[in-house]
Amino acid sequence: MIETERLVLRGWRDEDAAPFLAMGQDPEVMAYLGPLQTAEDVAAGIARQKELLETHGHCFWALEERATGAFIGFCGLKPGAAGTPVEGRVEIGWRLARAHWGKGYAREAAQASLDWGWAKGIDSIWAITVPANVRSWGLMQRLGMTRRPDLDFDHPLPGLDERLKAHVTYSIERP
């Protein structure tokens, strides 16, 4: 578990499924991520994160607001996706419920994730997103990440909408 002033990054719980599903069915939240999620997608996603946590000691952790204990999204580190430039590297990622956008939570959680990674000896951390996701790559830049245009790519995920195939790549080295 990682704690910040306003947030807790922790392992996933069964009770996270319902708010995670609501987030995954919000067209604005999913605008740059793919189709709206089903209950089955959410269950599989939570199972993947639990397995990553057990195997690697980190994952895209569930994100909880300290003041309320409410699930508000996820943020953390995981192995990069196969068939992408971040495969075999540590990838940082985040997704927050729309009601929690604009409060600085993504940056707070992402910085805590980077700090955790550096403390664990990770040498570099990578991130990917679609070019249209200005909020996401803007956060990458605010975190000190550097755009790697030489590693931009078309995502190999099957069935991905054509407008979501092109991806940009960012990285940061351990200070």
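Reader: What makes Gln37 count as buried?
Author: Its relative accessible area is 16%. Buried means under 20%, so Gln37 qualifies. Keep in mind that this is a predicted model.

Reader: Where does Gln37 lie, and what does Gln37 touch?
Author: Gln37 sits in the loop between α1 and α2. Leaving out residues up to four places away in sequence, Gln37 touches Phe20, Leu21, Gly24, Gln25, Met30, Val42 and Arg95.

Reader: Which residues of α1 are buried?
Author: Helix α1 spans residues 17-24, and Phe20, Met23 and Gly24 are its buried residues.

Reader: How do you know that they lie on the same side of α1?
Author: Look at the arc around the axis. Phe20, Met23 and Gly24 cover only 95° of it, which puts them on the same side of α1.

Reader: What do the buried residues of α1 pack against?
Author: Three elements: α2 (39-56), β4 (71-79) and β5 (90-96).

Reader: Which residues of α1 and α2 meet?
Author: On the α1 side they are Ala17, Phe20 and Leu21. On the α2 side they are Ala39, Val42 and Ile46.

Reader: What about Arg98: why is Arg98 called partly exposed?
Author: Arg98 has 37% relative accessibility. Buried needs under 20% and exposed needs over 50%, so a value of 37% makes Arg98 partly exposed. Arg98 is in the loop between β5 and α3. Not counting residues up to four places away in sequence, Arg98 touches Asp26, Glu28 and Val29.

Reader: What makes Ala70 partly exposed?
Author: Ala70 is at 30% relative accessibility, so Ala70 counts as partly exposed. Ala70 is placed in the loop between β3 (60-65) and β4. Its contacts, with neighbours within four places in sequence left aside, are Leu63, Glu64 and Glu65.

Reader: Why is Gly121 called partly exposed?
Author: The relative accessible area of Gly121 is 36%. That lies between 20% and 50%, so Gly121 is partly exposed. Gly121 belongs to the loop between α3 and β6.

Reader: Is Leu160 buried or exposed?
Author: Buried. Leu160 has 12% relative accessibility, and the cut-off is under 20%, so Leu160 passes. Leu160 is in the loop between β8 (153-154) and β9. Leu160 touches His155 and Lys165, with residues up to four places away in sequence not counted.

Reader: How far apart are Leu160 and Gly34?
Author: In sequence, 126 residues. In space, 6.5 Å, C-alpha to C-alpha.

Reader: Which residues of α4 are buried, and what covers the buried residues of α4?
Author: Within α4 (residues 134-142), Ser136, Gly138, Leu139 and Met140 are buried. Their cover includes β5, α3, β6 (124-129) and β9 (166-173). Just after α4, Gly144 has a positive phi of about 95°.

Reader: How many residues are in the largest nonpolar core, and which have the most contacts inside it?
Author: The largest nonpolar core has 43 residues. Trp12, Phe20, Leu63, Ile92, Trp94, Ile125 and Met145 have the most contacts inside it. Helix α3 (residues 105-119) supplies the largest share of this core, 7 residues. Another core lies apart from it, with 5 residues, among them Val86, Trp126, Ile128 and Phe153.

Reader: What does Ile125 touch?
Author: Not counting residues up to four places away in sequence, the list is Leu77, Val90, Glu91, Ile92, Leu114, Gly117, Trp118, Met145, Tyr170, Ser171 and Ile172.

Key: Residues numbered from 1 in each chain as written. Predicted model: local features only at pLDDT ≥ 70, side-chain atom pairs only at ≥ 80, totals over all residues. Heavy atoms only, no water. Buried < 20%, exposed > 50% of the residue type's maximum accessible area, 1.4 Å probe, protein only. Helix = DSSP H or I, 4+ residues; strand = E, 2+ residues; numbered from the N terminus. Arc of directions from axis to C-beta. Contact = heavy atoms within 4.5 Å. Core = buried A, V, L, I, M, F, W, Y, C linked by side-chain atoms within 4.5 Å.
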